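Hi,

Here is the structure I promised to pass on.

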Amino acid sequence: MAETLTTKLLKTHQAGGSLTPGEDVQLRMDQVLLEDATGTMACLQFETLGLDRVRVPFAIQYVDHNVLQIDSKNQDDHHYLQSVCAHYGLIYSPPGNGISHYLHLERFAHPGQLLVGADSHTTMAGAIGMLAIGAGGLDVALCLSGQPFNVPAPRVIGVELRGKLSPWVQAKDIVLEILRRRSVRGGVGSIFEFFGEGVATLNVTQRGTICNMIMETGATTGVFPSDEQTRAWMSAQHRASQWLPLAADSGASYDEVEVIDLSSLEPLIAKPSSPDKVVPVREVAGLAVGQVCVGSSVNSGYEDLALVGAVLHEKVVNPHLVMTVTPGSRQIEDRLIRSGTYLDLVQAGARMLEPVCGPCAGFGQAPGSGVVSVRTFNRNFPGRSGTDHDQVYLASPATAVATALRGVITDPRDLGTEPPLPPAPAPDVSVDDKHFLYPLAPAEAAQVKVFHGPNILPPPPQTPLTQQLVGRVLIVVGDDISTGDLAPEGVAIFDLYSNVKAMAFFVFRRLDPQFAARAREWGGGFIVGGQNYGQGSSREHAVLAPKFLGVLAVIAKSFARIHRRNLIAQGLVPLTFANEADYDRVRLGDQWEFVELHGVLERGEGECRARIAGSGEELRLRTSFTPWERQVLLAGGLLAYTRASEKV
Ligand code: SF4
């Protein structure tokens with residue numbers, strides 16, 4: 001039977017479970033990726049397993065999110081990560097080497113393999129025909145120990161690309177079009193697989209833009225075939241021998257098909273404050289802008305920035321705004337210098353930043369109060385920029401540079417003919433791996449002492465689920481709460497990724513500054529949310545910090561995939577309303593009792609009840625868990641379950 005590329009990749013890595021959509025499948029991972037924001041906690045959890053070395057064929061720790069090092073804590077974290085890598089056998093990529101996803105695409109992503117990463121945009125590596133999935137730190141720590149990765153088997157949405165992009169229309173506009181059609185919830189439980197004649201017109205970095213930002217639909221990942229474009233990319237990266245052709249069989253059928261005619265697309269932009277609030281740029285053209293930021297893992301490739309440089313050649317950025325440009329990696333920075341683009345950008349007045357996440361993760365360049373910021377990034381959830389009530393628009397590099405020139409949001413087609421890019425230096429002269437630190441031989445590695453600085457605290461303990469859950473409703477929040485609402489980005493918490501106790505103070509701080517104090521005063525309890533609770537990043541701090549405050553369970557209309565798994569991995573029960581209208585009956589401060597939850601999980605039943613003290617009322621709640629998830633919850637979390645079942 002004709003198979004999709006997704007099915008082929010899943011089948012060749014299936015270690016157990018089922019490929020029926022929604023059921024758990026266990027996948028053997030070839031590669032594991034960590035970054036510093038989530039990596040410290042993942043490594044701390046890995047250390048508790050007591051192994052002497054990672055047990056996965058390839059593992060890498062990037063330091064790209066927070067490299068500010070404005071006091072000792074941040075550099076202590078990096079020191080910790082470097083020593084963990086040396087001791088346990090991971091590659092270490094130091095600050096300044098590049099953004100994890102871009103570097104991975106350049107140097108390590110491998111067609112036909114599977115990658116799991118403690119970062120939601122790990123999906124970017126799907127650009128070269130690998131299945132790349134983001135996950136929470138604990139899931140990833142267990143993959144480091146050689147265990148298979150558990151994930152709900154996905155549906156496969158085929159995206160047929162037809163035609164060719166017009167001048168000034170970019171890959172970002174393709175993924176914005178998908179978000180416009182399907183919203184931030186429209187990809188949940190699915191993998192987007194691209195096929196059709198339009199695929200060959202997109203190079204690997206354009207595919208990377210799409211696979212990176214496809215995550216904003218809530219998708220498990222996205223994947224492109226491995227073809228001649230992939231071969232050209234890998235040859236330029238001196239990795240031609242790792243290329244292999246991969247595609248869906250002809251006649252393969254998808255669970256659903258979406259058709260996009262590339263030639264009919266126009267420049268698009270996502271309005272504040274959600275990546276799916278997408279409209280044509282011309283609808284918001286003319287709005288005054290105070291900041292333009294080009295970069296982030298979704299749009300910091302050489303061609304992206306070369307176009308920006310070509311537009312700005314012998315021109316200057318509008319004096320009423322500030323423009324920043326971030327290359328995705330040292331290799332890209334090197335090429336920009338060799339091609340003359342770097343000079344064009346500097347002379348135009350752009351502020352050149354080092355190749356790290358920087359403003360995309362809220363580390364610097366927070367816009368001023370009321371300032372409209374146009375960014376080529378992938379997320380504009382409220383406050384992610386580091387500014388409360390921010391006004392962040394997401395667009396392509398072409399739209400961003402047109403806006404930077406004019407000072408108002410501008411459809412790039414209004415600039416006339418798209419300029420040619422400067423002659424590109426061959427990438428192979430810029431390829432240079434000397435900054436990676438490679439694993440030591442086991443005997444030498446064993447001598448390396450892991451550095452635990454004063455800011456590195458052990459992960460919270462996991463204890464078995466109690467027979468009764470009793471507590472108060474600590475907060476009632478609306479739809480699309482992001483992990484940034486739970487564990488915010490930005491400099492205020494930039495050095496607390498290894499310090500859950502300190503981070504707990506910031507939970508829901510932007511929505512309800514009293515939350516942390518109230519949770520402590522009331523002795524813990526429950527969070528109640530709307531649809532798509534926990535969208536956004538994979539950071540498990542969005543679970544660990546509420547757990548530290550005494551949160552026992554989260555009840556929502558629906559959950560984002562990674563966050564739901566993170567709740568389970570840390571022993572917090574994610575429940576959904578049997579009747580969504582019951583959400584309106586919930587009142588802050590109500591005392592709830594779950595007397596039967598433990599038994600319901602043991603018996604595998606589909607519903608439990610919460611009694612509302614003093615009212616005689618009850619709420620019916622869904623307990624839709626796979627058998628494995630139930631075992632993990634009963635054990636009190638994935639670490640406790642793993643230890644009890646002697647999996648490592
Ligand atoms: Fe870094 Fe932003 Fe990409 Fe996340 S989305 S990896 S913060 S550049």
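Helix 5 has these buried residues: Gly-137, Leu-138, Asp-139, Val-140, Ala-141, Leu-142, Cys-143 and Leu-144. Buried here means under 20% relative accessible area, exposed means over 50%, and partly exposed is in between, with a 1.4 Å probe and protein chains only. Helices (H or I, at least four residues) and strands (E, at least two) are DSSP runs, numbered from the N terminus. Helix 5 (residues 137-144) has eight of its eight residues buried, so it is largely enclosed by the rest of the structure. After helix 5 comes Gly-146, with a positive phi near 95°.

Before you go further, please keep in mind that this is a predicted model: local features need pLDDT of at least 70, side-chain atom pairs count only at pLDDT 80 or more, and totals for chains, interfaces and linings use all residues. Residues are numbered from 1 along each chain as its sequence is written, and side-chain values use heavy atoms, with hydrogens and water left out.

Helix 10 (302-312) is another enclosed one: 10 of its 11 residues are buried, so the rest of the structure largely encloses it. Among the buried residues of helix 10 are Tyr-302, Asp-304, Leu-305 and Leu-312. Just after helix 10, Glu-314 has a positive phi of about 60°.

Now to the ligand. Which residues are around it? They are His-65, Ile-99, His-101, Asp-119, His-121, Ser-296, Ser-297, Cys-357, Cys-360, Ala-361, Asn-378 and Arg-384, where a residue counts as near if one of its heavy atoms lies within 4 Å. By class, this shell holds four nonpolar, six polar and two charged residues. For these classes, Ala, Val, Leu, Ile, Met, Phe, Trp, Tyr, Cys and Pro count as nonpolar, Asp, Glu, Lys and Arg as charged, and the others, Gly among them, as polar. Domain 1 (5-264) and domain 2 (268-425) both give residues to the shell, so the ligand lies between them; the domain bounds come from an automatic or database domain assignment.

The ligand sits in the largest cavity, meaning that more than half of its atoms lie within 2 Å of the grid points. On a 1 Å grid over the protein atoms alone, a cavity is a set of points where a 1.4 Å probe fits but cannot get out, and a pocket is an open set with protein on both sides within 12 Å along at least five of seven lines; lining residues have an atom within 4 Å of a point. The largest cavity has a volume of about 250 Å³. Of the 23 residues that line the largest cavity, Glu-35, His-65, Asp-119, Ala-361 and Arg-384 are the closest to its centre. Volume is the space filled by probe spheres set on the grid points, which are joined across faces, edges and corners. The lining of the largest cavity divides into seven nonpolar, 10 polar and six charged residues. Across the whole structure, the search finds six cavities of 30 Å³ or more.

The largest pocket has a volume of about 540 Å³. Its lining has 25 residues, and the closest to the centre are Val-169, Gln-170, Gln-206, Glu-303 and Glu-418. Helix 6 (171-182), helix 7 (204-213) and helix 10 each supply at least two residues of that lining. Domain 1 and domain 2 both give residues to the lining of the largest pocket, so it lies between them.

The second largest pocket has about 450 Å³ of space. Of the 23 residues that line the second largest pocket, the closest to its centre are Pro-152, Val-188, Phe-559, Arg-564 and Ser-624. Domain 1 and domain 3 (469-644) both give residues to this lining, so the second largest pocket lies between them.

Last, a few backbone details. Pro-272 and Ser-273 are joined by a cis peptide bond, with omega about -5°. His-389 has a positive phi near 55° and counts as exposed at 72% relative accessibility. Phe-508 also has a positive phi near 55°, but Phe-508 is buried, with a relative accessible area of 0%.

Best wishes
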